[in-house]
Amino acid sequence: MQHVKVPQDRIGVLIGEGGETMREIERRAEVRLDIDSETGAVAIDEVGDPVTGMLAPDIVRAVGRGFTPEAALSLLDDDMRTFELVDLQEHTRNKNDLQRQKGRLIGENGRTRELMEELSGAEVVIRGTTLGIIGQPEEVEAVRRAVGMILDGAPHGAVYSFLERKHNELTRDFDVQPSD
(Lines give C-alpha, C1' and ligand atoms only; values in the text may rest on other atoms or scores of the structure.)
Protein backbone atom coordinates (compact mmCIF):
# COMPACT_ATOMS: atom_id res chain seq x y z
CA MET A 1 0.00 0.00 0.00
CA GLN A 2 1.26 3.45 -0.94
CA HIS A 3 0.16 6.89 0.21
CA VAL A 4 0.02 10.13 -1.77
CA LYS A 5 -1.14 13.54 -0.57
CA VAL A 6 -3.30 15.56 -2.96
CA PRO A 7 -4.10 19.28 -2.51
CA GLN A 8 -7.64 19.89 -1.24
CA ASP A 9 -8.73 21.73 -4.39
CA ARG A 10 -7.72 18.77 -6.61
CA ILE A 11 -9.62 16.05 -4.71
CA GLY A 12 -12.77 16.71 -6.77
CA VAL A 13 -10.80 16.30 -10.01
CA LEU A 14 -9.25 13.06 -8.74
CA ILE A 15 -12.65 11.64 -7.79
CA GLY A 16 -14.44 13.02 -10.85
CA GLU A 17 -18.14 13.37 -11.45
CA GLY A 18 -19.91 10.62 -9.52
CA GLY A 19 -16.54 8.95 -8.84
CA GLU A 20 -15.96 8.39 -12.55
CA THR A 21 -12.27 9.45 -12.65
CA MET A 22 -11.41 7.46 -9.52
CA ARG A 23 -13.02 4.33 -10.98
CA GLU A 24 -11.19 4.83 -14.29
CA ILE A 25 -7.81 5.10 -12.49
CA GLU A 26 -8.68 2.02 -10.40
CA ARG A 27 -9.72 0.02 -13.46
CA ARG A 28 -6.80 0.97 -15.72
CA ALA A 29 -4.02 0.93 -13.08
CA GLU A 30 -5.48 -2.17 -11.36
CA VAL A 31 -5.53 -0.54 -7.92
CA ARG A 32 -7.99 0.40 -5.22
CA LEU A 33 -7.97 4.08 -4.15
CA ASP A 34 -9.06 5.16 -0.71
CA ILE A 35 -9.42 8.94 -0.84
CA ASP A 36 -9.82 10.96 2.35
CA SER A 37 -11.41 14.14 1.04
CA GLU A 38 -10.88 15.88 4.41
CA THR A 39 -7.09 15.53 4.49
CA GLY A 40 -6.26 14.89 0.84
CA ALA A 41 -4.59 11.59 1.78
CA VAL A 42 -4.91 8.88 -0.87
CA ALA A 43 -4.13 5.26 -0.02
CA ILE A 44 -3.28 3.18 -3.09
CA ASP A 45 -3.64 -0.59 -2.88
CA GLU A 46 -2.49 -2.80 -5.78
CA VAL A 47 -5.15 -5.35 -6.69
CA GLY A 48 -3.94 -6.48 -10.11
CA ASP A 49 -0.74 -6.37 -12.12
CA PRO A 50 1.93 -4.95 -9.77
CA VAL A 51 3.83 -3.34 -12.67
CA THR A 52 0.70 -1.44 -13.76
CA GLY A 53 -0.05 -0.65 -10.12
CA MET A 54 3.38 0.95 -9.69
CA LEU A 55 2.23 3.80 -11.95
CA ALA A 56 -0.82 4.62 -9.81
CA PRO A 57 1.01 6.92 -7.34
CA ASP A 58 2.40 8.96 -10.26
CA ILE A 59 -1.06 9.14 -11.84
CA VAL A 60 -2.59 10.37 -8.55
CA ARG A 61 0.33 12.77 -7.96
CA ALA A 62 0.03 14.15 -11.53
CA VAL A 63 -3.69 14.88 -11.06
CA GLY A 64 -2.84 16.50 -7.73
CA ARG A 65 -0.24 18.71 -9.41
CA GLY A 66 -2.75 20.01 -11.97
CA PHE A 67 -2.68 17.59 -14.90
CA THR A 68 -5.97 16.47 -16.39
CA PRO A 69 -6.93 12.88 -15.52
CA GLU A 70 -6.50 12.03 -19.23
CA ALA A 71 -2.93 13.34 -19.25
CA ALA A 72 -2.15 11.49 -16.02
CA LEU A 73 -3.67 8.24 -17.32
CA SER A 74 -1.56 8.55 -20.49
CA LEU A 75 1.29 7.22 -18.31
CA LEU A 76 -0.36 3.81 -18.77
CA ASP A 77 -0.49 4.09 -22.56
CA ASP A 78 3.22 3.72 -23.16
CA ASP A 79 5.95 2.09 -21.06
CA MET A 80 8.31 4.95 -21.83
CA ARG A 81 6.01 7.81 -20.78
CA THR A 82 7.19 9.39 -17.55
CA PHE A 83 6.05 11.94 -15.00
CA GLU A 84 8.53 14.30 -13.45
CA LEU A 85 8.23 17.15 -10.98
CA VAL A 86 10.67 20.05 -10.75
CA ASP A 87 10.62 21.72 -7.33
CA LEU A 88 10.95 25.39 -8.19
CA GLN A 89 11.74 26.32 -4.58
CA GLU A 90 15.06 24.49 -4.92
CA HIS A 91 16.01 26.97 -7.65
CA THR A 92 14.78 30.18 -6.04
CA ARG A 93 15.97 32.28 -3.11
CA ASN A 94 12.67 33.45 -1.65
CA LYS A 95 8.95 33.91 -2.33
CA ASN A 96 9.45 36.94 -4.60
CA ASP A 97 12.10 35.11 -6.63
CA LEU A 98 9.76 32.10 -6.90
CA GLN A 99 6.95 34.32 -8.23
CA ARG A 100 9.29 36.01 -10.71
CA GLN A 101 10.67 32.69 -11.97
CA LYS A 102 7.17 31.20 -12.26
CA GLY A 103 6.21 34.25 -14.32
CA ARG A 104 9.22 33.66 -16.61
CA LEU A 105 8.33 29.95 -16.97
CA ILE A 106 4.69 30.70 -17.76
CA GLY A 107 5.52 33.63 -20.01
CA GLU A 108 3.24 36.36 -21.27
CA ASN A 109 -0.29 34.94 -21.58
CA GLY A 110 1.14 31.46 -20.94
CA ARG A 111 3.15 31.55 -24.16
CA THR A 112 6.43 30.15 -22.75
CA ARG A 113 4.70 27.17 -21.14
CA GLU A 114 2.73 26.60 -24.36
CA LEU A 115 5.88 26.66 -26.48
CA MET A 116 7.56 24.18 -24.13
CA GLU A 117 4.62 21.83 -24.75
CA GLU A 118 4.36 22.43 -28.50
CA LEU A 119 8.05 22.12 -29.25
CA SER A 120 8.86 19.24 -26.88
CA GLY A 121 5.68 17.19 -27.27
CA ALA A 122 5.44 16.85 -23.47
CA GLU A 123 2.63 18.17 -21.29
CA VAL A 124 3.68 20.88 -18.83
CA VAL A 125 1.79 22.15 -15.78
CA ILE A 126 3.00 24.86 -13.42
CA ARG A 127 1.22 24.84 -10.07
CA GLY A 128 2.22 26.10 -6.65
CA THR A 129 5.95 25.55 -6.23
CA THR A 130 6.30 22.80 -8.83
CA LEU A 131 6.51 22.33 -12.57
CA GLY A 132 5.20 18.97 -13.75
CA ILE A 133 6.13 17.25 -17.01
CA ILE A 134 4.53 14.20 -18.65
CA GLY A 135 6.07 12.81 -21.82
CA GLN A 136 8.61 10.53 -23.46
CA PRO A 137 12.07 10.62 -21.82
CA GLU A 138 13.59 12.84 -24.54
CA GLU A 139 10.58 15.23 -24.36
CA VAL A 140 10.84 15.44 -20.56
CA GLU A 141 14.58 16.03 -20.85
CA ALA A 142 14.05 18.87 -23.37
CA VAL A 143 11.56 20.59 -21.03
CA ARG A 144 13.82 20.03 -18.02
CA ARG A 145 16.75 21.65 -19.88
CA ALA A 146 14.57 24.58 -21.05
CA VAL A 147 13.30 25.11 -17.49
CA GLY A 148 16.89 25.03 -16.22
CA MET A 149 17.90 27.64 -18.79
CA ILE A 150 15.03 29.93 -17.79
CA LEU A 151 15.74 29.49 -14.07
CA ASP A 152 19.41 30.28 -14.75
CA GLY A 153 18.33 33.57 -16.34
CA ALA A 154 18.74 32.75 -20.03
CA PRO A 155 16.82 35.08 -22.37
CA HIS A 156 13.55 33.58 -23.63
CA GLY A 157 14.77 33.81 -27.23
CA ALA A 158 17.71 31.50 -26.46
CA VAL A 159 15.37 29.02 -24.75
CA TYR A 160 12.95 29.07 -27.70
CA SER A 161 15.85 28.46 -30.10
CA PHE A 162 16.99 25.51 -27.98
CA LEU A 163 13.44 24.10 -27.97
CA GLU A 164 13.11 24.54 -31.74
CA ARG A 165 16.39 22.67 -32.28
CA LYS A 166 15.17 19.90 -29.95
CA HIS A 167 11.83 19.82 -31.76
CA ASN A 168 13.59 19.36 -35.09
CA GLU A 169 15.76 16.59 -33.62
CA LEU A 170 12.75 14.82 -32.10
CA THR A 171 10.60 15.04 -35.23
CA ARG A 172 13.30 14.48 -37.84
CA ASP A 173 13.11 10.71 -37.26
CA PHE A 174 9.46 10.75 -38.27
CA ASP A 175 9.85 12.57 -41.57
CA VAL A 176 9.18 10.30 -44.49
CA GLN A 177 11.57 11.03 -47.30
CA PRO A 178 10.17 10.58 -50.82
CA SER A 179 11.94 7.80 -52.66
CA ASP A 180 13.15 8.20 -56.25
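**Close-up views of a predicted model**

**View A. Glu30, at the end of helix 2, in a predicted model.** Glu30 is partly exposed, its relative accessible area being 30%. This residue sits in the loop that joins helix 2 (20-29) to strand 2 (31-36), and just after helix 2 its phi is positive, at about 55°. Most residues other than glycine have a negative phi, and Glu30 is not a glycine although its phi is positive.

**View B. Asn109, in the loop between helix 6 and helix 7.** Asn109 is another residue other than glycine with a positive phi, in this case near 55°. The loop that holds Asn109 runs between helix 6 (95-106) and helix 7 (111-120). Asn109 has a relative accessibility of 74% and therefore counts as exposed, the cut-off for that class being over 50%.

**View C. The buried face of helix 2 and the elements it packs against.** Four residues of helix 2, namely Thr21, Ile25, Glu26 and Ala29, are buried. When helix 2 is seen down its axis, these buried residues fall within an arc of 135°, so they line one face of the helix. An α-helix has 3.6 residues a turn, so residues three or four places apart point the same way. The buried residues of helix 2 pack against helix 1 (11-15), strand 2, helix 3 (50-53), helix 4 (56-64) and helix 5 (69-73), whereas Glu20 and Arg27, on the other side of helix 2, are exposed.

**View D. The aromatic pair of Phe67 and Phe83.** The structure holds one aromatic pair. The ring centres of Phe67 and Phe83 are 6.0 Å apart and the ring planes stand at 85°, so the pair is edge-to-face, a class that requires planes over 60 degrees apart. The pair links distant parts of the chain, 16 residues apart, with Phe67 in the loop between helix 4 and helix 5 and Phe83 in strand 4 (residues 82-87). Phe67, at 2% relative accessibility, counts as buried, and Phe83 is buried as well, with a relative accessible area of 12%.

**View E. The two spans annotated as "domain: K Homology" in UniProt.** According to the unreviewed UniProt entry, this annotation covers residues 1-81 and residues 82-152. In the predicted model, residues 1-81 are 41% helix and 20% strand, and the end C-alpha atoms of that span are 23 Å apart. Residues 82-152 are 52% helix and 24% strand, with their end C-alpha atoms 24 Å apart.

Definitions and conventions
Residues numbered from 1 in each chain as written. Predicted model: local features only at pLDDT ≥ 70, side-chain atom pairs only at ≥ 80, totals over all residues. Heavy atoms only, no water. Helix = DSSP H or I, 4+ residues; strand = E, 2+ residues; numbered from the N terminus. Buried < 20%, exposed > 50% of the residue type's maximum accessible area, 1.4 Å probe, protein only. Arc of directions from axis to C-beta. Contact = heavy atoms within 4.5 Å. UniProt positions renumbered as here; feature names shortened; annotations may be inferred. Phe/Tyr/Trp six-rings, centres within 6.5 Å; stacked < 30°, edge-to-face > 60°.
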